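Thank you all for coming; I would like to walk through one structure slowly. Please have a look at it before I go on.

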Amino acid sequence: MPTFDLKSLPPFTNEPFTDFSSPEQHRAMMDALAQVRSELGKPYDLLVGGHRTQSAKLFDSTNPARPSEVIGKHFEATVSQASQAVEAATQAFAAWKHTAAAERASLLLRAAQLVRERHFIFCAWLTFEVGKNWAEADADVGECIDFLEFYAREALRLDASKTPIQLPGERNLLRHVPLGVGAVIPPWNFPLAIMAGMTAAAVVCGNTVVLKPSPDAPTIAAKFVELLEEAGLPLGVVNLLHGGPEVGRTIVEHPKVHFIAFTGSKKVGLEIHERAARTQPDQQFIKRTILEMGGKDAIIVEEDADIHAAADGVVAAAFGFNGQKCSACSRAIVSDSIYELFCEQVRERVAKLTSGEPADNRATGPVINKVAYQRVLDYIEVGKSEGQLIAGGKPIENEDGGYYIEATVFADVAPQARVAQEEIFGPVLAVIRSSSFDNALDIANGTEYGLTGAIYSTSREKLNRARDEFHVGNLYLNRKCTGAMVGAHPFGGFNMSGTDSKAGGPDYLTLFTQAKSVAEKIGVVSEHDEREEEQMGGF
Ligand code: NAD
């Protein structure tokens, strides 16, 4: 059993970004792409109770840049396999909840080291399976390592936390004990970082997990679970199921699933919230939901801003990974007096964006699948009747059949227009005119979401007001609204953007635990037995 504690670990630091302009790093990425390319199209099993298993139905995960290329073949779990996975997780919980915090944390630290050793290989899988360019893939892998390292330390910190008040004659203790079996349901767009982060947070707290990744990114999850096994994952602590809504609903409603950690769309998040609230026969607890959902994120640009910096920030946040980030800027709210100039600056920058195969590391690439492609094109048609098209607006024809769409900008969009209210989740930006700072804040806050936001201004007064009045979970002043870093920018949104769980923050792990208060009268039993504490299953 590991003997380290928090003090013996170096302090948390974020994983550095890779400099792909260095010939060595460039070569490493090219080699990884070649290696992963040689491994495409293989089948992967489900994992239930530590045993590899299959079903009668296989589905393909494909490359969005060339949909005929199969990345991995995966078995779609049946409803009965979903129930078996919950049973296996329930059995594993009996032992895992008693393991010491240091042992659980060390699993995450070993996993972090293995991901670090395979950094470029994971980047290459992300490039092929979801179409990330090199920098976006690098950020996803770095964030995965950060979550593992951060939550390992947070678990030890929680374990060492002291109850602040000791009553005379009593020994007072507040321990954080695990909840039980959790369903972890991640989205496809940060298929390594978010999938691994929610799983690691659950497991390091002593819970066991049924993980159901997105059908658009099953191979990355399968690779990560293989790595967890290598790191020493005990049987049944993480069970892997693939499939769509049916499998998802089965685990959400299962009476033995105690909590659901979900990141994805508003629609599915609200459905999970509702289903989890309905008590099932034999259910013995109230299910907890941790739901992180979509956004309609805005950047306010005031007339006193550095307009070049603002245009850089808006274009990067709107079109990085083709607008497929929950934090992506989909609305720029710009002061009337600089509006035309700002639109011109944005148009110039968008014209310079190169588009093409993610493996060739272009600025923009394809959207994830055919459904997303059609949805984004439909919104572009809506936008044409709601604003003035000033950039893009068309699909990009290509011989591979990849789902490419031009970076698209609509100007003169009204705040209540559909393209200014609904999450498009693609490369579409609406530029909205504001008549005053009050008006800009009203527009920014005038959607059902509240995930990220930013303001560019040189006025201290405006920045202070934004700090108080811009109602989002993650606010950025004079920088873009994407690129949250674990530890520095705990992440989660307000309103219909979710339950604001603040992933990568100091309170996140408490969501995966319940606090047990123990008061012992001093003097009745002479010697306190520390081993007894270990057996109670807390941190
Ligand atoms: P999605 O809601 O379609 O799917 C998310 C997950 O839920 C997938 O694993 C999917 O298979 C599963 N699922 C689908 N229907 C289900 C059901 N009825 N019951 C249970 N599970 C079900 O989202 P997506 O397309 O994978 O991801 C994009 C969305 O995620 C966007 O809305 C984006 O804003 C959001 N997102 C939010 C955050 C955040 O931190 N707030 C981060 C990343 C992505």
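Predicted model: local features only at pLDDT ≥ 70, side-chain atom pairs only at ≥ 80, totals over all residues.

Strand 1 and strand 5 (residues 66-75) run parallel and are joined by three bridges, and within this pairing Pro43 stands opposite Lys73 in strand 5. When I say helix or strand, I mean DSSP runs numbered from the N terminus, helices being H or I with at least four residues and strands being E with at least two, and two strands count as paired if DSSP finds at least two bridges between them.

Residues are numbered from 1 along each chain as its sequence is written, and side-chain values use heavy atoms, with hydrogens and water left out.

The two strands belong to an open sheet of three strands, in the order 1-5-4 and with mixed pairing. Strand 1 (42-44) and strand 4 (58-63) each have a single partner strand and stand at the edges, so one side of each is left without a neighbour in the sheet. Helix 7 (residues 218-230) lies across strand 1, strand 4 and strand 5, at about 45° to strand 5; here contact means heavy atoms within 4.5 Å, and the axes are lines fitted to C-alpha atoms, for helices over the stretch in contact, with angles from 0 to 180 degrees between N-to-C directions.

Let me turn to charged side chains. A salt bridge is a side-chain nitrogen of Lys or Arg within 4 Å of a carboxyl oxygen of Asp or Glu, and the structure holds 35 of them.

Which side chain meets Lys462 in a salt bridge of 2.8 Å, N to O? That partner is Glu302, and because Lys462 lies in helix 15 (residues 460-469) and Glu302 in the loop between strand 12 (297-301) and helix 10 (307-319), the pair ties together parts that are 160 residues apart in sequence. Both Lys462 and Glu302 are buried, where buried means under 20% relative accessible area, exposed over 50%, and partly exposed in between, with a 1.4 Å probe and protein chains only.

Lys462 also meets the side chain of Glu303 in a salt bridge (3.4 Å, N to O).

Finally, Glu15, Arg116, Glu149 and Arg153 are linked in a network of salt bridges.
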